[in-house]
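Trainee: Can you walk me through this one? I'd like the pocket, the ligand and the backbone.

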Amino acid sequence: MSLIAISNFKGGVGKTTTAVAIATLLSAEGNVLLIDADQNKSAIQWASYGHVPFDVRLEAEARPLLMSGKYQHVVIDSQAAPDAGEIAALCKGSDLLIVPTSPEPLAMTSTAKVAAEAKGHGRMMALVNMIPPKPQTDGIDAKGALERAGITCFNRLIRKSKVYIYASEAGADMSQLGGRMPTYWRDWLEVGKELSNVIE
Ligand SMILES: Nc1ncnc2c1ncn2[C@@H]1O[C@H](COP(=O)(O)OP(=O)(O)O)[C@@H](O)[C@H]1O
Ligand SMILES: [Mg+2]
């Protein structure tokens, strides 16, 4: 069983979106349980429409399912404002801690803090999300800055688009992102390839 945790101190950087996307990607390989550990219950809300290809449970309800042996992959959408000790614990307890970040300075600072807390406790990778279209270079600049700070990043950057807002409002199956123009899902397919190299 693989366990992937998603976290950042900063809210609104795409943690829930990333958790849903990663759970969708991993569903192609087996049964996936997404644990919604955030009081806002955003992942529960997303799944409530019945369109996602995985199971979602609150943290308090997840234990019996975890013990059932039904799941090949578990994804944790962690709480909105974790304290420092929780980042270390999440990193230690998972195969990979994914830290989504927007290229904004506040999110970048928060991501660097997460990386400092996670250091020495396991594997962590930042995922640069919400990047503006070319010729703006905010995304690649953010990735460069993180890497110079010694933080491993997914090579693929996730483009900014309203399709994400529509998808979360409709509880959409993310593999259908963008409808008949599935261009935005390709970002995640690439992330999925990188992920499979990390977790095997
Ligand atoms: N790549 C993106 N482009 C545009 N909007 C996005 C993107 N990723 C997420 N969003 C939107 O940003 C908001 C915050 O995302 P969410 O995943 O809920 O973040 P968090 O869980 O970190 O608070 C949501 O409205 C979501 O639809
Ligand atoms: Mg969230």
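Mentor: Here is a short tour by topic.

Mentor: This is a predicted model, where local features need pLDDT of at least 70, side-chain atom pairs count only at pLDDT 80 or more, and totals for chains, interfaces and linings use all residues. Residues are numbered from 1 along each chain as its sequence is written, chains are lettered from A and ligands numbered from 1 in the order written, and side-chain values use heavy atoms, with hydrogens and water left out.

Trainee: What volume does the largest pocket have?

Mentor: About 470 Å³. A pocket is an open set of points on a 1 Å grid over the protein atoms alone, where a 1.4 Å probe fits, with protein on both sides within 12 Å along at least five of seven lines. The volume is the space filled by probe spheres set on the points, which are joined across faces, edges and corners.

Trainee: Which lining residues are closest to its centre?

Mentor: G12, G14, T17, M130 and Y164, out of 24 lining residues. Lining means having an atom within 4 Å of a point. Two or more residues each come from α1 (15-26), α2 and α7 (163-170). Helices here are DSSP runs of H or I, at least four residues, and strands are E runs of at least two, numbered from the N terminus.

Trainee: And α1, is that helix buried or exposed?

Mentor: Twelve of its twelve residues are buried, so α1 is largely enclosed by the rest of the structure. Buried means under 20% relative accessible area, exposed over 50%, and partly exposed in between, with a 1.4 Å probe and protein chains only. K15, T16 and T17 are among the buried ones.

Trainee: Switching to ligand 1. Which residues are closest?

Mentor: G12, K15, T16, T17 and N129, among 16 that surround ligand 1. That count takes residues with a heavy atom within 4 Å.

Trainee: What about polar contacts?

Mentor: Those are pairs of N or O atoms within 3.5 Å. An oxygen of ligand 1 is 2.6 Å from a side-chain N or O atom of T17. For a polar backbone atom of G12, the distance to a ligand 1 oxygen is 2.8 Å.

Trainee: Where does M130 sit?

Mentor: In the loop between β6 and α6. M130 is partly exposed, at 27% relative accessible area. Its phi is near 60°, a positive value in a residue other than glycine. Most residues other than glycine have a negative phi, and most peptide bonds are trans.

Trainee: Which peptide bond is cis?

Mentor: The one from K134 to P135, with omega near 10°. P135 lies in the loop between β6 (124-128) and α6 (138-148).

Notes
Polar contact = N/O pair within 3.5 Å; in protein donor to acceptor, adjacent residues only side chain to side chain.
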